[in-house]
Amino acid sequence: MFVLQAVAVVALLFLINVTLVRNDTRQTVRDARQNLLEQGAALSINMTTGLAHRAIVGQAIAATLERFPDLSEQDFDHLAAELRGDMQDILNIALAPELVVTLVYPLAPNRSVIGLDYHSRPDFLESVKQALESGEIVVAGPDKLVQGGTGLIMRVPVEIRNANGLDEQGIVSVVIDDKAFFAASGLKVESEGIQMAIRRDTDTAGSPQMIFGEPSVFAASPVISTIVVGNEIWQLALCPTAGWPAIGDRANRIRAVTVVAMLVAVSLLLLVNRLRRRSETARRQLVDAIDALDDGFALFDSDDRLVICNEKYRKLYGDGADLLVPGRLYREIGEAGLAHGLFPEAIGREREWLENHMRFHLNPKKTIIQKLQDGTWMRIVERRTSDGGTVGFRVDITELKRARETAEAANRAMTEFLNNINHEIRTPLSAIVGFIRFLARPETLKSHQALKNLIADPSSDKAQLSAAIDSYVAETKTFASRVETSATHLAELVHDTLDMAKIQNGVLDINPQSVDLTATIADCVQQFAHEADKKGVRINHFTQPVTIWADPLRLRQILINVIGNAVKFTDAGSVGISCKQDARYTSIIIADTGCGIAAKHLPHIFQKFWQVDGSVTRAHGGTGLGLAISRELMELHGGKIDVISDPGAGSTFTLRFPRVASEGG
Ligand code: ADP
C-alpha cells in the first residue's frame, strides 16, 4: 500500500518536474529569441537608415543631374564630396549616362573607372537594368570592384537630357565598402556568442544570395529582421553561436526542488503510514483486548451513541444484535432489547422499565442485576468516562447466582438434615438411654418385681418361680434387643454420613471383582423379608445365575439402599427385581408398586439429604443420603442409576453396570 502510494506520488512529482522543466526551457528559448529579436531590430534600423542615407546621396546627385545635365566635373566632385560627408564607407560615386561612366568621385583613386561601359560588364549590367526597369534604387553586391576589393553598389536610375535635348537613361552608382558599412552599423559575423548573417530575400528559386555572414546561420532557426532598401528586402538573421538553449535556466533549481519535494512527500507518506499503522495496531489491540474479556463490554460516546462493543455484549442481544452498530443510540438498543423480549422483568411495563433503566444509565452510581430471557443473570456495571461518554460491563453471574442458590439449597438441606439427623439420632439414642436405664436398674422392672414377690411368698412353687424368671429374662432380652436395634441404626447413620463425606472428598475407592449377583440379591432380599412380610408385600427376584463386575461391598450397599427404599415406600403389592444383559450393560431393575414419586421431585431424589417428605413428622425414617451415595457409587463403577415413576402406582429404579470381559471371573 505504502509502496504504491510512494510510487504514485514520486511519479506525479516527476511529471510535474518534466512539465516545469519543459516550460522553463521554452521560456528560456523565448527570452533568448526576444533578446536577439530586439538586437536584430536595432541592427536592422541602423542598416535601413544607413542605407537610406546612402541612397539619398545617390538620389540627390541624380536629382541634381536631372536639373543640371551639364554638371561640370568640378561641381560634381564638389557635390559628391558634400553629400558623402563623413560616410567614409562610400568608396565612390559614379555617373554613367547611357551606361558609360563619365564622372566619378573621388577621381584620383577611381580614374580607371572612367569610360567603363556597363554593357561590357554583364555582372554589373544586371543590377543596372533592374534599376532602370523598375525606376527604383537597386543595391547589388557585394561584388568585386573594378578598383579592387568588394563593395555594395547602389544603382540609382536617372534621366538625363542630352545635348540633343533627348532624355536618356543613366545610372548613378554609389559604391559602399560593405565591410566598413556593416561594421559601422554594428554588424559582426560573431559577437558575444551571437552569429549574424544577411541575405537577399528574393522570390526566385535557388539558394538566396548571401550578403553578409555564413548561410548556416539561416539554417539554425534564427530570429529574422528585415532591412528594406528601395525595392529590395534583406533578411538579417541572428542566432546564438552555441545554438538555442536545450534546457531552461531554472532547470537545475526545479530539479532540486522536485527531489526535495519527493523526499518530503515520501517521508510524510512514511510518517502518515507509520502513524496509521500504529493507530491501527492500537485499535486492533484494543479490540482484541475487549474481545478477550469474559464480560460484555460496550463504550458509548458523549451523545450516548455506541462506539464499540465486544462479541459477548452482542451475544446478550441474541437476534437483536444486528442493531449493535456504531452510532446507534443506547436508548434505541434498549428498545430493541425490549422488542425482542430480552428482559423478562420488563414485560407488560416496557416504557416504565426503560425510563428507570435510562435513569440508571445516565447516572450510573451502583450496579444492577438483571435477568435475561434465556435465564442468564447479568450484573450491569456502568461508569461515566472523562469525555462524557459511558463505559458499560455486563458480567454473567449466572454461575455465581446458581452457586449461591445451590449453596442456599445445600444450606437448607443441611439444616433439614441436621433436624432429621437430630431426630434420627435422638430417637435411637432415647431408646438406648431409656432401655439401658431399665437394664441398669433391673429391680424397677415389672418382671423383677413379680419374681421378687414370688420368692418372698412361701406358697410359691417352683413352676411359678421358673415362669417368673423366664419372663424376667425375656423382658431384659427385649430391652437389650431394642438397644441393639437402635445402636445398629445409629451406626448405619454414622456410616452413611461418613461414606458421603468420603465420596465428597474423593477418597472412596472401589475394588471391582467378579460377584455372584443372584446370590447377593437373594441375601439383600432376605434382610427386608421380615419388614415386607409384615406389610404383606411380596418380594420377587430373579434366580438365574448372573455374574457382575463390581465391588461386592459397594454393590451390596447400593442394592440395600434401592431395595430398602422400594420396601419402605411400598405399603401393598410387590417389589420385583429383574435383570437384563446386553453386550454392553448388565441392568438390575427394581420395580415397586409403592407411593411413587411426583415428577417435580424426581430431579431431586439423588441430591444429598433430600427427601420427598423432609419433615420431622414424616412417616419413614432415613437420612436422605441413600440415593445420593448410590449414584456416586454407580458412577465410580462407570455405571448409572435411573428412575421412572408413576405417582400412586410405583417406581422403577434401573442400575446399569458396564460389562467387562473378565466379569465371569
Ligand atoms: P432416604 O434415607 O430418605 O430413603 P434416599 O436418598 O434413599 O433417602 O431417598 C431419597 C428420597 O427419595 C426418599 O426420602 C423418598 O422420598 C424418595 N424415594 C426413594 N426411593 C423411593 C421409592 N422407591 N418410592 C418412593 N419414594 C422413594
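Mentor: Helices (H or I, at least four residues) and strands (E, at least two) are DSSP runs, numbered from the N terminus. The expected span of a helix is 1.5 Å times one less than its number of residues. Helix H13, residues 462-505, has 44 residues and reaches 63 Å from its first C-alpha to its last, close to the 64 Å expected. This is a predicted model, in which local features need pLDDT of at least 70 and side-chain atom pairs count only at pLDDT 80 or more, whereas totals for chains, interfaces and linings use all residues. Residues are numbered from 1 along each chain as its sequence is written, and side-chain values use heavy atoms, with hydrogens and water left out.

Trainee: Which residues of H13 are buried?

Mentor: An α-helix has 3.6 residues a turn, so residues three or four places apart point the same way. Buried means under 20% relative accessible area (1.4 Å probe, protein chains only). In H13 the buried residues include Ala468, Tyr472, Thr476, Phe479, Val483 and Ser486. Glycine 506, with a positive phi near 70 degrees, follows H13.

Trainee: In what order do the strands of the sheet with E1 to E5 lie?

Mentor: Two strands pair if DSSP finds at least two bridges between them. The order of this open, antiparallel sheet is E2-E1-E5-E4-E3. Strand E2 (103-105) and strand E3 (138-144) each have a single partner strand, so one side of each lacks a neighbour in the sheet. Within the sheet, E4 (residues 150-161) and E5 (residues 167-176) are joined by 10 bridges; isoleucine 153 has valine 175 in E5 as its bridge partner.

Trainee: Which helix packs on this sheet and touches E3, E4 and E5?

Mentor: Contact means heavy atoms within 4.5 Å. Axes are lines fitted to C-alpha atoms, for helices over the stretch in contact, and angles run from 0 to 180 degrees between N-to-C directions. Helix H4 (residues 122-134) touches those strands, and its direction makes about 45 degrees with that of E4.

Trainee: How many residues surround the ligand?

Mentor: A residue is near a molecule if one of its heavy atoms lies within 4 Å of it. Here 20 residues surround the ligand, and Asn565, Asp592, Gln611, Thr623 and Leu627 are the closest.

Trainee: What lies 2.8 Å from a polar backbone atom of leucine 627?

Mentor: An oxygen atom of the ligand lies there. The side chain of asparagine 565 has an N or O atom 2.8 Å from a ligand oxygen, and for the side chain of lysine 568 the corresponding distance is 3.1 Å.

Conventions. Buried < 20%, exposed > 50% of the residue type's maximum accessible area, 1.4 Å probe, protein only. Polar contact = N/O pair within 3.5 Å; in protein donor to acceptor, adjacent residues only side chain to side chain.
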